[in-house]
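Here are my notes on the sheet and the helices packed on it. Have the model open while you read.

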Amino acid sequence: MKQLNFIITELDNIEKILQSEDLRSNRETKSQLVQIFSAHTDCNWYESLGNSIKKVFPDALIIGASSVGEIYQGRININTTVILFSFF
């Protein structure tokens, strides 16, 4: 298993992350799980985020939860989105 974690504050950030070699090198893995934890309340945010991820990882299972404080690298962040990509 390999897991890569990212934090974003704007949708443009996900496009840059999805182009990273770290993620692209795992496109052919058998099982892919994407977990999203976000403070956003706008449904369009989640839809856009999911659509962007599905373009690169069409077979990934994407799950998520709303949060009020996202944990990333041992710190609690406010008004952010944390995305965890797990490859099995």
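**Notes on the sheet**

1. Strand 6 covers residues 81-87 and pairs with strand 1 in the antiparallel sense, over seven bridges. Strands here are DSSP runs (E, at least two residues; helices are H or I, at least four), numbered from the N terminus, and two strands pair if DSSP finds at least two bridges between them.

2. Before going on: this is a predicted model, with pLDDT of at least 70 required for local features and 80 or more for side-chain atom pairs, while totals for chains, interfaces and linings use all residues. Residues count from 1 along each chain as its sequence is written, and side-chain values use heavy atoms, leaving out hydrogens and water.

3. Zooming out, the open sheet has four strands in the order 1-6-2-3, with mixed pairing. Strand 1 (2-8) and strand 3 (61-66) are at the edges with a single partner strand each, so one side of each has no neighbour in the sheet.

4. On the parallel side, strand 2 and strand 3 are joined by six bridges. Look for Val-34, which faces Ile-62 in strand 3.

5. Helix 3 (residues 43-56) lies across strand 1, strand 2 (32-38), strand 3 and strand 6, at about 155° to strand 2. That angle is between N-to-C directions, on a scale from 0 to 180 degrees, using axes fitted to C-alpha atoms (for helices, over the stretch in contact); contact means heavy atoms within 4.5 Å.
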